[in-house]
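Have a look at it, and then we'll go through a few spots together.

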Amino acid sequence: MLTLFHHPMFATCRFVRLAFGEYGEELALIEEKPWTRRKEFLALNPAGTLPILLAEGDVPIVGAMVIAEYLDETRGVLKRDKRLFAEDPMERAEIRRLTDWYLSKAEGEVTRHLVRERVLKPIMPETAGGGSPDSGAIRAARANIRQHMKYTNWLAGTRHWLAGNKVTYADLAAAAALSVLDYLGEIDWREHAAAREWYTRVKSRPSFRPLLSDRVRGLSPVSHYADLDF
């Protein structure tokens, strides 16, 4: 069994967990608090970022998309119709574009800030950047949610899955990011019917069940978080 160093409220880590779940692969999970900068953790990744996969031979593979590419090359190519990448190069490009949209653009504009201000700062020591949440950062992140939800709603309303006719890394990246926001109660699903229907389908997949069990100490999810029908 491979080992994943992760944090349950990091979208990039959730993305990797979903990908392994889609391929029916179990992971040993080690929850990491990167702000503590443990010596053993930094030895695996001097950048001090998550996720980190300890692959065969305990070789560390760092970064969500790097892990996804490794997973595709070692497992995905054998999965045929269940592969999370497409065979066609142009379709793969679209999958990569959308995966980057949710794990980089949405992360940088929304998810990272809400997680830091609402989840991490209250438990981090002041020497590591902890303290009172920055209300300005929260307002700015919340203002950006609408753009990403409108785009997700458009994708879900014009395609069966976000990047085409089957589940791909794009769906998992979007679901990982939105599931964090959903946990925090930051999404008004009533305004985005197509996105809600798509998210319900993703949320109902077996790979998603472990995420619905995630809990952060001192911060419970909204009441509908684990409800498959909202």
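Let's start with a term: two residues are in contact when heavy atoms of theirs lie within 4.5 Å. Keep in mind, too, that this is a predicted model.

With that in hand, take H224, which sits in the segment after α8 (209–212). Leaving aside residues up to four places away in sequence, H224 touches D182, W189, K203 and F230. Is H224 buried or exposed? Buried counts as under 20% relative accessible area, and H224 comes in at 19% relative accessibility, so it counts as buried.

K203 turns up again in helix α7 (residues 193–203), whose buried residues are A195, W198, Y199, T200, V202 and K203. The buried residues of α7 pack against α5, α6 and α8.

What about the wider region? In an unreviewed UniProt entry, residues 88–222 are listed as "domain: GST C-terminal". That span is 64% helix and 0% strand, and its end C-alpha atoms lie 40 Å apart.

The structure holds one cavity of 30 Å³ or more, and the largest cavity has a volume of about 50 Å³. Its lining is made up of Y102, A106, V110, T111, I145, H148, A177, L178 and L181. The elements giving two or more residues to that lining are α4 (89–120), α5 (135–158) and α6 (169–183). The largest share, four residues, comes from α4. Sorted by class, the lining has seven nonpolar, two polar and no charged residues.

On to charges. Side chains of opposite charge can pair when their charged atoms come close. How many salt bridges does a search of the whole structure find? It finds 19. Here are some of them:

| Salt bridge | N to O distance |
|---|---|
| R97 and E94 | 2.8 Å |
| E94 and R159 | 2.9 Å |
| R142 and E186 | 2.9 Å |

R97 and E94 are separated by about one helical turn, because they are three residues apart in helix α4. R97 is partly exposed, at 36% relative accessible area, whereas E94 counts as buried at 18% relative accessibility. E94 also pairs with R159. Since E94 lies in helix α4 and R159 in the loop between α5 and α6, this pair ties together parts that are 65 residues apart in sequence. R159 is partly exposed, with a relative accessible area of 27%.

R142 is partly exposed, at 42% relative accessible area, while E186 is buried, at 13%.

Methods: Residues are numbered from 1 along each chain as its sequence is written. This is a predicted model: local features need pLDDT of at least 70, side-chain atom pairs count only at pLDDT 80 or more; totals for chains, interfaces and linings use all residues. Side-chain values use heavy atoms; hydrogens and water are left out. UniProt positions are given in the numbering used here, feature names are shortened, and annotations may be inferred rather than shown by experiment. On a 1 Å grid over the protein atoms alone, a cavity is a set of points where a 1.4 Å probe fits but cannot get out, and a pocket is an open set with protein on both sides within 12 Å along at least five of seven lines; lining residues have an atom within 4 Å of a point. Grid points are joined across faces, edges and corners, and a volume is the space filled by probe spheres set on the points. Ala, Val, Leu, Ile, Met, Phe, Trp, Tyr, Cys and Pro count as nonpolar, Asp, Glu, Lys and Arg as charged, and the others, Gly among them, as polar. Buried means under 20% relative accessible area, exposed over 50%, partly exposed in between (1.4 Å probe, protein chains only). A salt bridge is a side-chain nitrogen of Lys or Arg within 4 Å of a carboxyl oxygen of Asp or Glu.
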